Amino acid sequence: MPRRKPSEPKTSNKSVPAAVTTPSTGPTIRTMFDHIASDYDRFNAWASLGLHHHWRRALLRRIPSGAKVLDIATGTGDVAFLAADAGHTVVGMDFSERMLAKAKEKDRAGRIRWMNGSADKLPFSDRSFQCITSAFALRNLRGCLEAAFKENFRVLRDGGKVLHMDFGRPTSALSRWGHRVHLSFGVPLIGQWVCGERWPKGYLENTIREFYEPQQVNHLLEQAGFTDVRHTPLTFGVVQLFEGTKKC
């Protein structure tokens, strides 16, 4: 059976694995991010080899013009700031108070509304936003991803878009080898160097290895009600950008 291109909206594999070995309870993840909030930006820059700027700009280009944007799991606000710079009205939300504190420190002009909240129980009324974004959050929401996507659908206006970006697994042999080496050796060394004993050993590497295949994420978005669902690989599939539209 011919393989479907990554950008096509239909999915070819709709099975969703149930087993996962990495702990993913909300309080555990919140505490982990609280502990590394002060070094989060520096770690991202080194661990991504500076490519995180390119990935976030790729997401930004897909936000509808002049949109009211909700950036969930905003962390220290990198996507939220880019969206505000582009003229969008932005709300940045995270369940880690320390991550939000770092974001607020960076927002000296007070351009963005920062809120504490959980992605699977959004504190907003129906049809509040025109676009919902996230960068590298889906793996951390694995235990409640179906509920999070349903909440995305609920708070989006008709015609609104979701744009979720997260790490993937490259498909070519050479890129897969380089990716495996970086995950096994580069990421842990950078994490220890930047964060010291606060670095959550194995968490990032394991959540990338154990996360859904792109077609499975597409299927979950479709189950939540989204149409025109597709994923776009970035940097040989190291990162996947998922998008869908709310059409009622």
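Me: How much space lies in the second largest pocket?
Reply: The model is predicted, so local features need pLDDT of at least 70 and side-chain atom pairs count only at pLDDT 80 or more, while totals for chains, interfaces and linings use all residues. Residues are numbered from 1 along each chain as its sequence is written, and side-chain values use heavy atoms, with hydrogens and water left out. On a 1 Å grid over the protein atoms alone, a pocket is an open set of points where a 1.4 Å probe fits, with protein on both sides within 12 Å along at least five of seven lines. Its volume is the space filled by probe spheres set on the points, which are joined across faces, edges and corners, and for the second largest pocket this comes to about 430 Å³.

Me: Which residues lie nearest the centre of the second largest pocket?
Reply: Lining residues have an atom within 4 Å of a point, and the second largest pocket has 36 of them. Those that lie nearest its centre are Ala 73, Asp 94, Phe 95, Ala 137 and Asn 140.

Me: Which element gives the largest share of the lining of the second largest pocket?
Reply: Helices (H or I, at least four residues) and strands (E, at least two) are DSSP runs, numbered from the N terminus. Among the elements that each supply at least two lining residues here are β1 (68-72), α4 (78-85) and β2 (89-94). The largest share, four residues, comes from α1.

Me: What is the volume of the largest pocket?
Reply: Of its 31 lining residues, the closest to the centre include Trp 55, Phe 167 and His 182. The largest share of this lining, six residues, comes from α7. The volume of the largest pocket is about 620 Å³.
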